[in-house]
Amino acid sequence: AFIICLAAAIILTLVPTLVAAFGGVDLLRSFAGTLAKPFSMAGAKIAEAVNGFTSVFSDYDRLKEENEALKEELEYYKDKEYNEQLLKDQNSWLKDYINFHSSNPSFKLTDARVISREAGNYSEVLTLNKGTAHGIKQKMSVVTADGLLGYVSEVAIDWCKVTTITEAKNSIAVYTERQGAQGILTGDVALREQGLCKMTFYGSSEGVQLGDRVYTSSGEKSIYHPDIFIGEITEIKIDSDTGEVVATVTPSVNLKDNSGISSVMIVCGYSSEVK
């Protein structure tokens with residue numbers, strides 16, 4: 001093995017020397033380049049692959065940073081839009097609250113929000129986020145900026161339920177603004193789906209017209225505060241069974257679809273009341 005290695009070393013030393021002595025340097029370089037070409041190409045490919053592999057990670061990091069920046073920017077604009085809408089809603093609600101209180105300065109009002117809705121075949125109830133801890137009691141009137149919504153039918157520590165005026169068990173002493181005609185407003189199963197109520201009159205209904213505005217009256221057993229706007233008369237007819245004049249009242253609050261009701265006011269009493 002030693003001899004073979006020694007011979008190989010001599011040959012590798014002498015051959016280039018002899019080739020160079022006889023002017024074959026270019027030939028030697030060409031031969032060496034030919035032998036090295038596959039290795040050079042393989043090395044270049046490996047280098048390209050390594051560069052491409054590392055660039056993937058550098059591009060990933062760059063794209064990740066850009067994505068995070070875009071997400072933060074998007075969240076900023078989403079929060080900004082939400083806050084602007086929230087401020088707009090609060091301003092609108094405050095305006096409605098002030099307008100209602102201006103029209104009813106003696107009312108003591110507590111604002112509340114609708115947190116759930118229950119709908120069944122015979123009743124529709126809204127749950128509010130205020131209860132006994134906020135001074136809320138059963139049979140308190142509940143209103144919106146548009147008019148009467150209903151009354152508190154059930155109350156707990158931090159929530160209460162509101163039965164709307166379209167429910168059949170409702171009975172409200174009312175009067176018409178223009179003529180002062182007295183009557184009873186009740187819910188009706190047939191009219192409930194349309195968000196309507198019916199009004200029957202105590203005495204004469206002469207002079208009552210379509211478009212007459214209806215308000216709560218100070219009836220002896222009424223659970224509602226007087227002079228709360230309810231709605232307008234949209235139909236007048238004679239009951240075929242009783243022969244009485246019956247008016248259909250369309251509430252100012254949209255009770256056919258109450259999904260638009262989010263904020264309400266609970267009438268807790270009069271500012272002039274002495275406790």
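A disulfide is a covalent bond between the sulfur atoms of two cysteines, and here the term is applied to a pair of cysteine sulfur atoms within 2.5 Å. By this rule the count is zero disulfides, and cysteine 160 is accordingly in none. The two residues can also be described by their exposure, where buried means under 20% relative accessible area, exposed means over 50%, and partly exposed lies in between (1.4 Å probe, protein chains only). Cysteine 160 counts as buried because its relative accessibility is 0%, whereas cysteine 268 counts as partly exposed because its value is 24%.

The model is predicted, so that local features need pLDDT of at least 70 and side-chain atom pairs count only at pLDDT 80 or more, while totals for chains, interfaces and linings use all residues. Residues are numbered from 1 along each chain as its sequence is written, and side-chain values use heavy atoms, with hydrogens and water left out.

Turning to the sheet, strands are DSSP runs (E, at least two residues) numbered from the N terminus, and two of them pair if DSSP finds at least two bridges between them. Six strands form a closed barrel in the order S6-S7-S8-S11-S10-S9, with antiparallel pairing. Strand S9 (residues 213-216) runs antiparallel to S10 (residues 229-238) with three bridges, where tyrosine 215 is partnered by phenylalanine 229 in S10. S10 is in turn joined to S11 (residues 245-251) by seven bridges, again antiparallel, and glutamate 232 stands opposite threonine 250 in S11. S10 and S11 make a hairpin with six residues between them, and in its turn glycine 243 has a positive phi of about 75 degrees.

The last topic is the core, a set of buried Ala, Val, Leu, Ile, Met, Phe, Trp, Tyr and Cys residues joined through side-chain atoms within 4.5 Å. The largest nonpolar core holds 40 residues, of which Leu128, Leu149, Ile230 and Ile266 touch the most other members. Strand S12 (residues 263-270) gives this core its largest share, five residues. Leaving aside neighbours within four places in sequence, leucine 128 is in contact (heavy atoms within 4.5 Å) with residues including Val142, Trp159, Cys160, Val264 and Ile266.

Key:
Helices (H or I, at least four residues) and strands (E, at least two) are DSSP runs, numbered from the N terminus.
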